[in-house]
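Trainee: I would like to learn how to read a structure like this one, feature by feature. Please show it to me first.

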Amino acid sequence: MTLLEPRTKATLIGGIAIVLWALLALFTTEVSTIPPFQLVSLCFSVAAIFSFAWIARRGIGAFRALRQPVGAWALGVGGLFGYHFFYFVALANAPAVDASLIAYLWPLFIVLFSAFLPGERLHWYHIAGALLGLCGAAVLVTKGQGFDFDPAYGLGYGAAMVCSILWSGYSVLNRRYRGVPVEAVCGFCAGAALLGFITHGVTEIWVIPDTGQWFAILGLGLGPVGAAFFVWDYGTKHGDIQVLGVASYGAPLLSTILLIGFGKADASPAVIAGCLLIVGGALLASIKMFRRKPVLQG
């Protein structure tokens with residue numbers, strides 16, 4: 001019987017988050033009229049409620065997982081909410097294509113920042129794979145039309161850069177808290193939901209979702225803005241952080257394919273080019289993982 005070694009298994013578990021994030025754009029098309037911070041607060045509330053229920057099934061003792069250092073709470077809540085906060089600030093102050101492209105530097109930053117982690121080594125194929133993935137994401141985001149950065153949108157560009165650094169920093173620094181169980185993420189989701197409601201109350205007007213939008217919010221809270229953060233937490237703590245960083249460029253690719261499949265986007269040569277670049281980059285960065293010999297048992 002062939003078993004995956006723990007590091008490879010954790011990497012694959014973390015990769016589930018990338019698949020779930022690919023659903024984000026599809027679900028978001030159904031809730032486009034909901035103010036962004038209201039949407040974030042509702043989605044994280046769904047994630048927190050269902051994850052607390054999951055913990056409660058294991059008994060009151062399981063809630064000890066929430067007793068974590070202040071640093072772990074600051075990193076968890078700050079990472080989850082901070083990313084979304086600056087992303088929406090970027091979209092409000094810069095063209096969506098430009099802001100999205102800058103924000104999607106985070107997989108590349110994860111690969112680069114990982115070099116500072118104990119026991120991690122950055123190789124040429126990690127960097128090359130990340131750059132190929134970035135090129136592929138750029139092709140998909142811009143639809144092959146190129147982009148033109150305008151200094152007038154400096155605030156939006158700056159917010160997008162902060163957004164990418166925040167999420168990559170959260171993902172890499174998460175390794176420092178390997179002893180914090182994944183159950184603690186439910187508390188981080190609750191904290192992000194609270195900050196979302198506060199920001200919404202200060203900057204937005206409440207919009208009552210219709211039935212279809214409530215189902216979309218439920219789907220977001222259970223998947224891309226829920227379970228994704230739990231498996232990502234496990235993967236970044238115990239898996240191959242560099243492979244996860246490069247593989248994250250698969251999210252915009254899968255997202256584009258889903259939008260095309262559901263008739264919300266058109267297929268184009270840019271999709272094929274982006275696909276080849278992203279897949280090629282991911283395979284290149286994963287060379288070492290593929291060369292590992294499986295553990296044999298039985």
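Trainee: Is F215 buried or exposed?

Mentor: The general idea is a set of cut-offs on relative accessible area: under 20% is buried, over 50% is exposed, and in between is partly exposed, with a 1.4 Å probe and protein chains only. Because its relative accessibility is 59%, F215 counts as exposed. F215 sits in helix 10; helices are DSSP runs of H or I with at least four residues, numbered from the N terminus.

Trainee: What should I know about the source of these values?

Mentor: This is a predicted model, in which local features need pLDDT of at least 70 and side-chain atom pairs count only at pLDDT 80 or more, while totals for chains, interfaces and linings use all residues. Residues are numbered from 1 along each chain as its sequence is written, and side-chain values use heavy atoms, with hydrogens and water left out.

Trainee: Which residues make the nonpolar surface patch?

Mentor: A patch takes residues with over 30% relative accessible area and no salt bridge; nonpolar side chains (Val, Leu, Ile, Met, Phe, Trp, Tyr) are joined within 5 Å, and like charges within 9 Å. Areas come from the Shrake-Rupley method with a 1.4 Å probe, and for residues only the protein chains shown count as cover. Here I49, F50, F215, L218 and L222 form a nonpolar patch of about 500 Å². At least two of the patch residues come from each of helix 3 (36-56) and helix 10 (211-238). Helix 10 gives the most, with three residues.

Trainee: Where does V46 lie, and is V46 buried or exposed?

Mentor: V46 is in helix 3. V46 counts as buried because its relative accessibility is 14%. From V46 to A193 the C-alpha distance is 9.0 Å, although 147 residues separate the two in sequence.

Trainee: How many salt bridges are there?

Mentor: A salt bridge needs a side-chain nitrogen of Lys or Arg within 4 Å of a carboxyl oxygen of Asp or Glu. By this rule there are two salt bridges. In one, the side chains of R7 and D240 meet at 3.7 Å, N to O. Since R7 is in helix 1 (residues 6-21) and D240 is in the loop between helix 10 and helix 11 (241-247), the pair ties together parts 233 residues apart in sequence. R7 is partly exposed, at 23% relative accessible area, whereas D240 counts as buried at 3% relative accessibility.

Trainee: Which residue forms a salt bridge with K237?

Mentor: The partner is D233, with the closest N and O atoms 3.2 Å apart. K237 and D233 are about one helical turn apart, because they are four residues apart in helix 10. Both K237 and D233 are buried.

Trainee: At what angle do helix 12 and helix 13 cross?

Mentor: Axes are lines fitted to C-alpha atoms, for helices over the stretch in contact, and angles between N-to-C directions run from 0 to 180 degrees. The axes of helix 12 (residues 250-261) and helix 13 (residues 269-285) cross at roughly 150 degrees and come within 9 Å. Helix 12 is therefore roughly antiparallel to helix 13; angles under 35 degrees count as roughly parallel, over 145 as roughly antiparallel, 65 to 115 as roughly perpendicular and the rest as oblique.

Trainee: What is A251's setting in helix 12?

Mentor: A251 lies in helix 12 and counts as buried, at 4% relative accessibility. A251 and L23 are 8.5 Å apart, C-alpha to C-alpha, and 228 residues apart in sequence.
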